[in-house]
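Subject: Structure for you to look at

Hello,

Here is the structure I said I would pass on. My notes follow below it.

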Amino acid sequence: MAPTTEQGWGSTTDVRGVVSRLSAARRAVVVTHGKPDGDAVGSTLAVARALALRGAWAEVWFIGPVAPWVGELVGRTPAKVFEAGRPAQGPGSTDDYDTLVCVDTGTWSQLAEFKGWMGPIAARAVLIDHHLHGNPDVAAVRLVDPSCASCTQALAPVVCGLLGLPGAAELPVEVAEPLYLGLATDTGWFRYSSVTPATMRLAGDLLGAGVDHTRLYRVIEQQDQPARWKLLGRALSSLELHHGGRVAVQTLRLTDFAQTGADRNDTTGFADMVLAIASVQASAVISESDQSTPAAPLCKISLRTKPGPGAIDANMALGTLGGGGHARAAGAKVNATIEETRRRLLEVLK
Ligand SMILES: [Mn+2]
């Protein structure tokens, strides 16, 4: 079930209002959600670099862990990474900084490490986001546009305004590149239903500004280690189709991880790939957890489902097994062997 919209979430101002507020910044800290994705990294970098081009000092603050590609994209932009799960110290007094910008989230649960210092200064914080839900007490000045496929799409007119440029095609490439990064990654490289004519026009403008999109694709998407593909081989060898081909199940045992040298994160995307089979409506990967023992077996289920008529709600299905997530992607942990976990999963997907 989707969370209910918090009372008061949404924009409190427009692009012009945000531009005028950020034009006054001399020293800014730019934050985003923990474990930042391409849009979070792109959004923070675009704001920080636009402010720096105006002569302000701007630093990006991430809550880790950060993906291996982040360093290459951050380059020389001042950035800090804070440990997840541990309250972080704020940027100090208002002499040290005068502006806080929060991008690509307005949800406290995604900003927990920063809440201690962000909460008290929310009245002068500026937020730019594209999510349908959020906590209005994160920032008093908000520009929220859920029609945007990425936060960077919502930010594009803001950075153009800050730099006094008529359109995104005129942006300096160091600002255009992170905007494109967010747009491309949040749309699955322009495949998702969130893509609109405006998304593609902006992408075209950013390419016109000089973005090297093949470099971005290589840096973000072509960084796997061979172990991941050896693990994928094991997963695909285990593939079974059930319920008349509607449900696909792959299974991975502790020995598969040990023998290929792969780790838990290497299974990302395995369930998605199998949705390519025409008959498959739901695709699951069941893996023995590294905490699994013969006495106390523990398995993790990752489930992905196709949209459209007759779509299976992954969140509802795994909710029955004590897990949850979203309609198209959910997870669960089950205290059982692989065989028993598969039996229970197939039961709920009948
Ligand atoms: Mn986003």
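The protein splits into domain 1 (15-221) and domain 2 (226-348), with bounds taken from an automatic or database domain assignment. The C-alpha centres of domain 1 and domain 2 are 33 Å apart. Please note that this is a predicted model: local features need pLDDT of at least 70, side-chain atom pairs count only at pLDDT 80 or more, and totals for chains, interfaces and linings use all residues. Residues are numbered from 1 along each chain as its sequence is written.

Helices (H or I, at least four residues) and strands (E, at least two) are DSSP runs, numbered from the N terminus. A residue counts as buried if 20 or more other C-beta atoms lie within 10 Å of its own, exposed if 12 or fewer, and partly exposed in between, with C-beta atoms placed from the backbone. Strand S2 (residues 57-63) is largely enclosed by the rest of the structure, because 5 of its 7 residues are buried. Strands pair if DSSP finds at least two bridges between them. S2 pairs in the parallel sense with strand S1 (residues 27-31) over 5 bridges, and Val-29 stands opposite Glu-59. S2 is also joined by 4 bridges to strand S3 (residues 79-82), again parallel, with Val-60 opposite Ala-79.

Cores

A nonpolar core here is a set of buried Ala, Val, Leu, Ile, Met, Phe, Trp, Tyr and Cys residues joined through C-beta atoms within 7 Å. The largest has 66 residues, of which Val-30, Leu-155, Val-159 and Tyr-180 touch the most other members. A second, separate core of 28 residues includes Val-247, Leu-252, Cys-299 and Leu-345.

An open sheet of 6 strands runs in the order S7-S8-S9-S10-S12-S11, with mixed pairing. Strand S7 (240-242) and strand S11 (324-325) are at the edges with a single partner strand each, so one side of each has no neighbour in the sheet. S9 and S10 are antiparallel and joined by 7 bridges; Ile-286 stands opposite Ile-301 in S10.

Helix H13 (residues 338-348) has Thr-341, Arg-342 and Leu-345 as its buried residues. They cover an arc of only 100 degrees around the axis (taken from the directions from the helix axis to the C-beta atoms), which puts them on the same side of H13. Exposed Glu-339, Arg-343 and Glu-347 are on the face turned away from that buried side.

Regards
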